[in-house]
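Subject: Structure handover

Hello,

Here is the structure you are taking over.

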Amino acid sequence: MWLGYVFRELGQRRRQAAAVVAGIGVAVAVVVVISGVSQGLKSAQTDALASLYGVGTDVTVTKATPPGSGAPQFTFGKADGSSGSGSKQLTQSKLTVARGLATSDVSQVARVAAIPAVSSTAAVLMLDNYDFSGIIPDITGHVPSGDGAAADGPTGADGSGGSSFGVDTFSVAGVDVAHQTDAGLLAGASATAGRLFTAADIGQQVALVDAAYATENQLAVGGPVNIGGVDIPVVGLVSTPQGGVSTGANAYLPLDVAQTLSGLPGQITHVYVKAVSASDVAAVSAALRSQLPDAVVATQADLAGSITGTLTAANDLSSTLGQWLTLIALAAASIFAALFTVIGVSRRTREFGTLKALGWKNRHVSSQVVGETLVEGVLGALTGLALGGIAIVLINAFAPSFSASLSGTGVTAQIPLTVPLPIEAVGLAIALAVAAAVIAALAGTMRVARLRPSEALRSAE
Amino acid sequence: MYTLNNVTKTYRGHTGELTALRNVTLTIPDGEWVAVQGPTGGGKSTLLQLLGALERPTSGRIDFGSDSTAVQLDALAEGRLASVRASQIGFIFQGFNLIPTLSALDNVMAGLRPIGIRGAEAARRAQEALEMVGLHDRVEHLPAALSGGQQQRVAIARALVKKPDVILADEPTGNLDEMMRLDIISLFERIWYEQSVTLVMVTHDSSVASRAQRILHLENGSLLADIAA
């Protein structure tokens with residue numbers, strides 16, 4: 001009878017019950033989405049780490065950046081460029097050490113590898129490739145007029161003197177082919193077309209290109225990619241294990257080739273280190289800091305903290321705002337449900353007064369109110385899970401992507417956000433709905449306790 | 001049996017105090033049918049509430065029950081008062097006060113829940129009570145599907161199902177037409193006779209009151225007349 005009474009009462013007061021269910025449902029949906037987005041962002045951060053540093057890397061060793069290092073300058077002599085139709089076309093490519101990084105001698109790799117508990121090492125020379133192209137007015141042989149007035153040279157509509165310049169930049173990593181899969185940018189990466197480097201590629205001008213970058217720039221296996229002004233054949237397109245996430249560099253060369261093309265023989269920017277076990281990471285990093293005082297030693301935890309970009313901003317927002325939104329959602333749902341429950345109890349004075357007159361004790365009447373609010377809570381949880389699921393599907397359909405960069409390196413990865421429906425969110429949703437229902441039920445039972453059975457007789461007078 | 005000794009009930013509200021019952025002293029023996037009459041505001045319903053353990057008197061004493069099991073209602077805590085109501089007192093209201101979402105059978109079963117009788121046993125007893133009031137073919141009907149007289153019969157069945165010592169009825173025919181009124185009064189007569197129950201009935205209707213063994217007339221909260229019929 002009790003359950004039948006509960007469901008029939010809810011059916012009788014459909015609008016009120018629907019309002020409470022909807023209120024709890026919206027709150028639950030908010031929490032589910034926040035929880036899902038938070039997990040998605042955490043997962044994206046892991047992907048970003050793997051993308052920027054490679055899978056399996058425990059520690060990175062770099063060198064402190066010298067002050068004042070910045071973008072390269074392009075200089076041209078009088079004879080440079082090709083003239084025609086009153087203008088001069090200028091192009092130049094430069095392959096320089098990536099902004100914010102400094103180089104170390106490759107001998108550092110051996111020093112790192114000699115440290116106990118180091119399982120493997122991989123050296124990388126991280127470079128930036130700049131392709132300058134521009135058009136300037138050809139003023140060769142132009143003679144000022146004899147009256148001292150300024151010559152009527154071209155000015156251009158934008159005041160640039162008729163010039164037009166553009167610089168395209170992409171990142172190039174010179175990788176230690178012998179250890180490319182042990183640690184570093186290509187560890188865990190796979191070829192989506194062509195192949196990875198082999199030992200035979202050492203000293204050969206061959207390149208790998210990030211699959212996402214290749215798609216964006218119409219590059220393909222067998223075709224050339226211009227690096228440092230040299231057309232180099234592409235032998236493979238590479239992708240991260242996460243899929244859809246860009247790798248840590250746009251293009252890859254064998255280390256020795258990269259050193260030659262950049263004019264940095266025997267130089268590297270990174271040593272990626274893999275420890276024997278996770279428990280050795282602290283000892284390895286401590287030993288590295290001790291033995292390489294000029295080096296910047298960073299563990300995975302340090303690396304996570306050095307990632308900047310919209311992904312980090314979104315994650316920070318999700319962490320702080322998410323907690324507040326969860327609390328606000330719980331409070332709003334509880335107040336909403338409690339208000340409707342108390343109003344409902346007040347409207348049923350005669351009914352509950354009658355039951356009390358029949359001998360029902362407060363606990364009997366309260367169990368009725370609690371039963372009704374708990375059913376509303378469960379329905380609210382299911383509604384919220386459904387709404388949250390739909391919202392997550394929509395978010396994933398639009399698949400917003402976030403950028404993640406390593407501070408000072410200019411290396412950026414685009415990480416698509418994939419929001420899961422976390423299993424713990426189901427538990428959280430039920431807990432939230434039950435909490436709101438319990439708070440509402442408490443408010444209702446307090447009203448029931450104050451209700452006098454004589455109200456039933458009075459209402460009949 | 002009820003014994004009221006100098007019972008006064010005063011309500012305190014925002015507009016001041018209102019004494020609804022003043023120094024009432026009376027005894028109602030077991031098995032008696034008592035009609036309570038008087039003008040509106042005379043204290044009839046207040047007397048019924050005190051007899052029904054719904055309210056406590058402001059002063060005075062109310063004893064209820066036979067010698068061995070008598071309880072002093074004015075001294076009991078709310079939980080104990082609820083237990084007395086649940087097991088010994090059956091209420092019948094002018095407006096029937098049925099739960100609109102429950103069937104006739106479930107409404108009657110609601111009277112058994114506080115005394116711990118549930119499930120099949122409760123259904124069996126409720127069915128018997130509905131048969132007693134002539135509604136064996138209406139057990140699954142909701143109140144809205146029943147006539148006023150049928151609804152009052154369900155309310156009577158709900159009061160009877162726990163086999164109470166006392167039935168307290170507040171204008172039980174007040175909302176019924178002439179035909180149904182006579183029908184319900186005949187039912188009350190039969191129940192009172194067959195069940196040997198004490199029946200206290202508030203009524204404005206003198207023809208109903210004339211069926212009782214005793215008529216109490218209340219006016220301005222005082223017991224103006226105690227008439228044996």
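The notes below go through chain B, then a hairpin in chain A, and then the cavities.

This is a predicted model, in which local features need pLDDT of at least 70 and side-chain atom pairs count only at pLDDT 80 or more, while totals for chains, interfaces and linings use all residues. Residues are numbered from 1 along each chain as its sequence is written, chains are lettered from A and ligands numbered from 1 in the order in which they are written, and side-chain values use heavy atoms, with hydrogens and water left out.

Chain B in outline

Chain B has seven helices and ten strands. Helices (H or I, at least four residues) and strands (E, at least two) are DSSP runs, numbered from the N terminus. Of the 229 residues in chain B, 56% are buried. Buried means under 20% relative accessible area, exposed means over 50%, and partly exposed is in between (1.4 Å probe, protein chains only). For contacts in chain B between residues at least 6 apart in sequence, 69% join residues at least 24 apart; a contact means heavy atoms within 4.5 Å.

The six-stranded sheet

Strands of a sheet pair through backbone hydrogen bonds, either parallel or antiparallel. Here, two strands pair if DSSP finds at least two bridges between them. In chain B, six strands form an open sheet with mixed pairing, in the order β6-β7-β8-β3-β9-β10. At its edges stand β6 (89-92) and β10 (222-228) of chain B, each with a single partner strand, so one side of each has no neighbour in the sheet. From one strand to the next, the twist averages 15°. Axes are lines fitted to C-alpha atoms, for helices over the stretch in contact, and angles run from 0 to 180 degrees between N-to-C directions.

Strands β3 (residues 33-37) and β9 (residues 214-219) of chain B run parallel and are joined by four bridges. Ala35(B) has Ile215(B) in β9(B) as its bridge partner. Two helices pack on this sheet. Helix α1 (residues 44-51) of chain B touches β3, β6, β7 (166-170), β8 (198-202) and β9 of chain B, and its direction makes about 155° with that of β7(B). Helix α6 (residues 178-195) of chain B touches β3, β6, β7 and β8 of chain B, and its direction makes about 155° with that of β8(B).

The four-stranded sheet

Chain B also has an open sheet of four strands, with antiparallel pairing and the order β2-β1-β4-β5. Its edge strands are β2 (16-28) and β5 (71-72) of chain B, each pairing on one side only. Five bridges hold the antiparallel pair β1(B) and β4(B), and Asn5(B) stands opposite Arg61(B) in β4(B). Helix α1(B) lies across β1, β2 and β4 of chain B, at about 115° to β1(B).

Tyr2(B) is in strand β1 (residues 2-13) of chain B. Is Tyr2(B) buried or exposed? Tyr2(B) has a relative accessible area of 1%, so it counts as buried. Not counting residues up to four places away in sequence, Tyr2(B) touches residues including Leu26(B), Ile62(B), Phe64(B) and Val166(B). The side chain of Tyr2(B) reaches the backbone oxygen of Leu51(B) at 2.6 Å.

Two residues with positive phi

Most residues other than glycine have a negative phi, and most peptide bonds are trans. Ala53(B) is not a glycine, yet has a positive phi of about 60°. Ala53(B) lies in the loop between α1 and β4 (59-64) of chain B and is buried, at 0% relative accessibility. Asn220(B) also has a positive phi, near 50°. Asn220(B) sits in the loop between β9 and β10 of chain B and is exposed, with a relative accessible area of 60%.

A hairpin in chain A

Strands β9(A) and β10(A) form a hairpin with two residues between them, and Gly228(A) in the turn has a positive phi of about 60°. Four bridges join β9(A) to strand β10 (residues 230-239) of chain A, and the two run antiparallel. Strand β9 (residues 224-227) of chain A has a covered face, Val225(A) and Ile227(A), and an uncovered one, Pro224(A) and Asn226(A).

Cavities

How many cavities of 30 Å³ or more does a search of the whole structure find? The search finds three. On a 1 Å grid over the protein atoms alone, a cavity is a set of points where a 1.4 Å probe fits but cannot get out, and lining residues have an atom within 4 Å of a point. Grid points are joined across faces, edges and corners, and a volume is the space filled by probe spheres set on the points. The largest cavity has a volume of about 90 Å³.

Regards

How values were computed: A polar contact is a pair of N or O atoms within 3.5 Å; within protein, one must be able to donate a hydrogen and the other to accept it, and residues adjacent in sequence count only if both atoms are side-chain atoms. On a 1 Å grid over the protein atoms alone, a cavity is a set of points where a 1.4 Å probe fits but cannot get out, and a pocket is an open set with protein on both sides within 12 Å along at least five of seven lines; lining residues have an atom within 4 Å of a point.
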